[in-house]
Amino acid sequence: MTFPPRTDISSIRQYDRYQYLHMRRYFEVELSGSPKDDEVHLEAARSLITQMVERNDTITGVHIRLRKGAKYWSLIRAVDICEQAGQRIYVVCDSDMWVLRMSHSEKLLESVKREKEAIELHSIPSATMGYK
């Protein structure tokens, strides 16, 4: 059995993890904790995210801001909206959620999936201990 060659990560330079967040125009959606208002704003976010996915729009994004009184269910609902629309790239950081598309997102997701499968195929199963 041969293992795939290891990737030398020493040559990979440090990059700005927020570099893709600042390269586009964002529609702002604020969630305040008011159930009625948050429902309306989440529906607006759904519409924007669905349009972004249908058009494969890599120039605009959606910035969902969770204000101090926002409830946890609203963040979960925002993630659900992304999943239902087929939007698989979003960043949750502190009280912000950034939803964006990248022109190479499908290739990136495929390479991550292949890498994960390769690791799972070549991982050594852990030993279990039992007592009689």
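This is a predicted model: local features need pLDDT of at least 70, side-chain atom pairs count only at pLDDT 80 or more; totals for chains, interfaces and linings use all residues.
## Ground rules

Local features need pLDDT of at least 70 and side-chain atom pairs pLDDT 80 or more, while totals for chains, interfaces and linings use all residues. Residues are numbered from 1 along each chain as its sequence is written, and side-chain values use heavy atoms, with hydrogens and water left out.

## The cores

The largest nonpolar core has 16 residues. A nonpolar core is a set of buried Ala, Val, Leu, Ile, Met, Phe, Trp, Tyr and Cys residues joined through side-chain atoms within 4.5 Å. Buried means under 20% relative accessible area, exposed over 50%, and partly exposed in between (1.4 Å probe, protein chains only). Val29, Leu31, Ile49, Val62, Ile64, Met97 and Val99 have the most contacts inside this core. Two or more residues each come from β1 (25–31), α1 (35–55), β2 (60–66), α2 (72–85) and β4 (96–99). Helices (H or I, at least four residues) and strands (E, at least two) are DSSP runs, numbered from the N terminus. Helix α1 gives the largest share, five residues.

A second, separate core has five residues, including Ile89, Trp98, Leu100 and Met102. In soluble globular proteins, nonpolar side chains tend to be buried together.

Contact means heavy atoms within 4.5 Å. Leaving aside neighbours within four places in sequence, Met97 is in contact with several residues, among them Val62, Ile64, Leu75, Val79 and Tyr90.

Strands β2 and β4 pair in the antiparallel sense over four bridges. Two strands pair if DSSP finds at least two bridges between them. Strand β3 (residues 90–93) also runs antiparallel to β4, joined by four bridges. Val91 has Trp98 as its bridge partner in β4. The hairpin of β3 and β4 has two residues between the strands, and Asp94 takes a positive phi near 55° there.

## Asp96, buried and charged

Asp96 is buried yet has no salt bridge. A salt bridge is a side-chain nitrogen of Lys or Arg within 4 Å of a carboxyl oxygen of Asp or Glu. The nearest side chain of opposite charge, Arg65, is 4.2 Å away. Lys and Arg count as positive and Asp and Glu as negative; His and the chain ends are not counted. Arg65 stands opposite Asp96 in the strand pairing.

A polar contact of 2.9 Å joins the side chains of Asp96 and His63. Such a contact is a pair of N or O atoms within 3.5 Å; within protein, one must be able to donate a hydrogen and the other to accept it, and residues adjacent in sequence count only if both atoms are side-chain atoms.

## Salt bridges

The whole structure holds five salt bridges. Arg65 forms one with Glu28, with the closest N and O atoms 3.5 Å apart. Arg65 lies in β2 and Glu28 in β1, so the pair ties together parts that are 37 residues apart in sequence. Arg65 is partly exposed at 32% relative accessibility, and Glu28 is partly exposed at 48%.

Arg67 forms a salt bridge with Glu30, at 3.0 Å between the closest N and O atoms. Glu39 forms one with Arg77, at 2.8 Å between the closest N and O atoms. Here helix α1 holds Glu39 and helix α2 holds Arg77, 38 residues apart. Salt bridges that share partners join Glu39, Glu43, Arg46 and Arg77 into one network.
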